[in-house]
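Hi everyone, thanks for coming. Have a look at what's on the screen, and I'll talk you through a few parts of it.

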Amino acid sequence: MDACKRRGLRRDAELNRERIMTAARVAFREGGLGVPLEEIARRAEVNIATLYRRFPDRESLIEAILADRMTEFVEAAEAAESADDPWEGFAGLVEHVCGMQAADQGVTEGLTTCFPGAALEAPRARAMAAVDRVIERARRTGTLRADFTGQDLMLIMMANAGVLGSTRGAAPQAWRRLIGLILDACRTGHAGLAGPPLPPAPSDEDLHTAMLSTRPQR
């Protein structure tokens, strides 16, 4: 095969990959991570065999699509660490992450799902390490209730996912009220100061199991 033909084939493969990713990004945003791969291939105007040549399974496609969203999560968490006001840094982070979920159904599911590969789990771990520092900083100033943990942020995202699943079409801004109520309950000087201690937070292992159970099937 001559060099010109090889370059042409490589370019065709790159174009097919771009078309598949564009179609998957829209499909996941509209319908979540469980959209049939055949539907994505149809939207990309390629056959299913071509899709599988570029992405051998659903998880590899999800990883490619959500990589930049996980990067955004990392950047938001690390930026919150340097906010002038520790409470505003914490509250802004919660609102930002929940807003990411509201804007994209694939992100709604992806932020609360575990995947076995490192492509998404490594940036998630980096983001959660920054989240823990943001939380500790706000707790030290006395503006965030002392028993709030990183696991609680995961619970907030899971709760937000549930609300979005029920209201995305009929009341797409309902999530903002949920987050407003939660933040008010978390801030000392409001409900968080007067209320009784929270029940124990779920363990990392329990949350990991819960997130694995929501992983889309191949």
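**A walk through the helices**

Let's start with aspartate 204, which sits in helix H11, residues 204-213. Helices here are DSSP runs (H or I, at least four residues), numbered from the N terminus.

Before going on: this is a predicted model, where local features need pLDDT of at least 70, side-chain atom pairs count only at pLDDT 80 or more, and totals for chains, interfaces and linings use all residues. Residues are numbered from 1 along each chain as its sequence is written, and side-chain values use heavy atoms, with hydrogens and water left out.

So what does the side chain of aspartate 204 make a polar contact with? That's the side chain of glutamine 151, at 3.2 Å; a polar contact is a pair of N or O atoms within 3.5 Å, one able to donate a hydrogen and the other to accept it, and residues adjacent in sequence count only if both atoms are side-chain atoms.

Now over to H5, residues 86-103, with 18 residues. At its start, a side-chain oxygen of aspartate 85 comes within 2.8 Å of the backbone nitrogen of tryptophan 87.

How values were computed
Helix = DSSP H or I, 4+ residues; strand = E, 2+ residues; numbered from the N terminus. Expected span 1.5 Å × (residues − 1).
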